Amino acid sequence: MSGARGGSGDVGYVDTTLRDLGPLPSGEALATDDLVAAAAALADVGAGTLEVLDARSVRAAIGGRRESPWDRLRAVAREVRGGDVGIVALARSIWGQQPVAEDVIRQFVVCARESGATRVRIVDPMNDSESMEPLARAARDAGAAIVPTLTLGPAPDLADPRWAEEAARMSALPGAVGLCVSDLGGFVAPRMVGEVLGRLRAAVSVPIELQVQAPGGIAPLAATEAVAAGVDGIHAAAGPIALVAARPSAETLRAALRGGSRELECDREAVDRAARVVGPMLPAERLRQAAAAVYGPALRLPPHLETGLASRMGRLGLSHSLQSAADEVAEVAADVGGATLAYPIGEAIVAQAIRHVTGERRFEQIEAPLARVALGEFGAARVPVADDVADAAKAEALAEHELFSLGAVAADAPEGMSDEDLVLWAQFGSVVQPVLERRRSIGAEAEVADAPAAIDRQLIDTLVDVVEQANQAEVSVEVAGARLTVRRTEPVPVAGTPHVPSGDGAAPQASGLLPVESPMVGTFYRASSPDAEPFVEVGQRVEAGQTVCLIEAMKLFNEIVADQPGIVREILAENEAPVEYGQALFLIEP
C-alpha cells in the first residue's frame, strides 16, 4: 500500500517506528543490526509502508554511528520481505541542508530504488510544489510511489484557502499516489481536524494520510478525529516509540477504533510483539525527556524542537518563558514568509526566536538559513516577508550557493567512490569521510577470499562493531567452514581505560574516574557561544542529565549530558577541536 488508502472501510497505517528510532539521541546508539531486528519485528504488523529514513535519522547514522544510510536501507528492505519501504526526502536538499543539482537528485532516487525503497515522501519547508517537481519526476521515472507532504504550520491561518491550493498543486505532481498532511506541532486542534481535512479533500483526488505529532496526548485524539472524518491513512508507531515521538501508537489507535465503522489495518499481536522488541532500544534519557514534556506547557512545536528549546531556555534560567518563546517561534515563521517548522528551517526559526526572547532586538541579526528563506532561495514566500526581515536578509550579503553537478562532485571527492557514496558526498561533503573509511579500512580486514556465500556484509559489519566497542584486538568466527577475522590496526587500550580513538583526549590516570564520551564524530565546544561561559569547569559538580558540552556535526549542535552525578576532574578535549566517536571528553569523579 503505497498511498495508505484503507480497504473495506478500514484506515491504512504507515509505520514510523524505524524512522523515529533513528534520530539523535537514540540514533547514536542504534546500530544497523538493531534496525534490522526492529524491522523483523515490524514486518508482520500489517502496515502498508514502513518509513525507514529521513534527514534527521540519516544525520544520526552518519555523524553518530559512521554508518551508511544506504546500508541501513538495504538491510531493512531485505528483512521486510518485499513489503513497501519508504523514505522521506527534502525537495531541494534530499537529506542535507544545502540544495543539490538535479542530476544528484536523479542519482539519489536510483540509489534509493536499488537499495530497496519503494516509496518516496517529499517534504519542502515552504510547501513549494515547484521545488518538489524534480524529485517527484525522478522518483516516478524510477518506479517509486510518490507522496508529497503538505506541512501545516503557524502561518497562514488554517482557514486560509492557500492551504487547499498548495494541496491541489502537490497532488498533481508526477507520480503522486497520495498526499500526506503533516501536523508536526499540534497546530490543528482535534475538534478542527475534520473541518481542515474536509477542505483539503475537496481540493485533491488522491488518498490523504495524516501525520500528527503533538504534546500531551493530543496526537491520538487528532488521529481518531481524522479517521471519523474519512482520512485514508494514519502515521503511527509502536507504543514506546510513539511516546517519545509524541505521535499516535498503533496499539492505542487500534483500541480506540475497535467496534466502529472503520478500524486500523494492523495485526494486534504482531504490533504488541514489535513494541516489546523496540522498546528496549530507547535510551533512558529520551524516555525521561518524553515524560518531562508531559508535565510542561503544551507547546505547539515538533517534539525535537520543543526539547531543544526547553533545554536552551533552561540553561539561561528562562524556563518560565517557554510559552513566550514558543509564541515567538510562530511569529518568526510568519515574518520570514510563512515558513513551516519542517527540517532544516525549523531549527533556524527556533534559534532566531531564542535570540529575541533573550533580549536581542528583533532581527538585529538573522540566522543564515532564514535569510535565504526571506530572499526566496527556498521557494516563493507563502505570506509577505516582514520589512525588518527583508532588511536583515539583504544586509547578510550571503554568497550564492552553487549547485554542483554529480560530475563536479566526483572531481572534488576522493577517488574510487561509488555512485551512492557520491550522492552522500554531494549532500554532506567530507563529513561522510569517516563512513567511507569505516567501510574500507576501519582498522579491520576480512579474510574472506575463499569464504562461501554464508559470510555476508551484514556479518562483517556486526564483527566490526564488536571490535570497535570492546577492548579486543580481533574477533574471529567460523561459518560453514570459512574463517572470518576482523582485526584492529590501532593499539588496544589497557583494560579499564576509556578508549580515545584520536584527538587530545587522554585516558584517565587515576582509578575511579569515569569518562563522558563523544557519541559522534564532530567538533567539541565547551560553551553555547564564543561569548558564553563554559557549561562546566574542573572542580564543578554536575548532575545526571546536565549539559557539559556541545558537539557540532553536520552544522547542527548536539547537547552532550553527564550520565551520572559527580565532580569534573579533567577536561580532555580542546575547545573547537575535532573529536571522534567514543573519545573521552571529561573525567568525572562519582
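# Close-up views of a predicted model

**View 1. Helix H16, from end to end.** Helix H16 covers residues 345–357. Its 13 residues, at 1.5 Å each, should span 18 Å, and the C-alpha atoms at its ends lie 19 Å apart, which agrees. The expected span is 1.5 Å times one less than the number of residues. Helices (H or I, at least four residues) and strands (E, at least two) are DSSP runs, numbered from the N terminus. The model is a predicted one: local features need pLDDT of at least 70, side-chain atom pairs count only at pLDDT 80 or more, and totals for chains, interfaces and linings use all residues. Residues are numbered from 1 along each chain as its sequence is written, and side-chain values use heavy atoms, with hydrogens and water left out.

View 2. Buried means under 20% relative accessible area, exposed over 50%, and partly exposed in between (1.4 Å probe, protein chains only). The buried set in H16 includes Ile345, Ile349, Val350 and Ile354. Glu347, Gln352 and His356 of H16 are buried as well. After H16 comes glycine 359. The phi of glycine 359 is positive, near 115°.

**View 3. Tryptophan 95 against phenylalanine 108.** The structure holds four aromatic pairs. Rings of Phe, Tyr and Trp (its six-membered ring) pair if their centres lie within 6.5 Å; planes under 30 degrees apart count as stacked, over 60 as edge-to-face, and the rest as tilted. Tryptophan 95 and phenylalanine 108 make an edge-to-face pair, with 5.0 Å between centres and 90° between planes. Tryptophan 95 sits in the loop between strand S3 (84–90) and helix H5 (102–114), and phenylalanine 108 sits in H5, so the pair ties together parts 13 residues apart in sequence. Are these two residues, tryptophan 95 and phenylalanine 108, buried or exposed? Both are buried. Ring pairs also bring in Trp70, which joins Trp95 and Phe108 in a cluster.

**View 4. Phenylalanine 524 against phenylalanine 586.** This pair is tilted. The ring centres are 5.8 Å apart, and the planes make an angle of 55°. Phenylalanine 524 belongs to strand S12 (residues 522–525) and phenylalanine 586 to strand S18 (residues 584–589), so the pair links parts 62 residues apart in sequence. Phenylalanine 524 and phenylalanine 586 are both buried.

**View 5. Two nonpolar cores.** A nonpolar core is a set of buried Ala, Val, Leu, Ile, Met, Phe, Trp, Tyr and Cys residues joined through side-chain atoms within 4.5 Å. The largest has 109 residues, and Trp95 and Phe108 have the most contacts inside it. Which helix gives the most to this core? H5 does, with six residues. Contact means heavy atoms within 4.5 Å. Leaving aside neighbours within four places in sequence, phenylalanine 108 touches Trp70, Ile87, Ala89, Ile94, Trp95, Leu135 and Val423.

**View 6. Glutamate 420 and its contacts.** Glutamate 420 is part of helix H20 (residues 419–428). Its relative accessibility is 14%, so glutamate 420 counts as buried. Beyond its neighbours within four places in sequence, glutamate 420 is in contact with Trp70, Arg74, Cys111, Ser115 and Arg439.

**View 7. Arginines over rings.** A charge sits over a ring if NZ of Lys or CZ of Arg is within 6 Å of the ring centre and within 35 degrees of the ring normal. Arginine 92 lies over the face of phenylalanine 378, 5.9 Å from the ring centre. Arginine 382 places its charged end over the ring of tryptophan 163, at 4.5 Å from the centre.

**View 8. An open sheet of four strands.** Its order is S11-S18-S16-S13, and the pairing is antiparallel. Two strands pair if DSSP finds at least two bridges between them. The edges are strand S11 (514–517) and S13, each pairing on one side only. S11 and S18 are joined by four bridges, with valine 516 opposite phenylalanine 586 in S18. Four bridges also join S16 to S18, where isoleucine 567 faces glutamate 589 in S18. Strand S13 (residues 541–542) meets strand S16 (residues 566–571) over two bridges. Arginine 541 stands opposite isoleucine 567 there.
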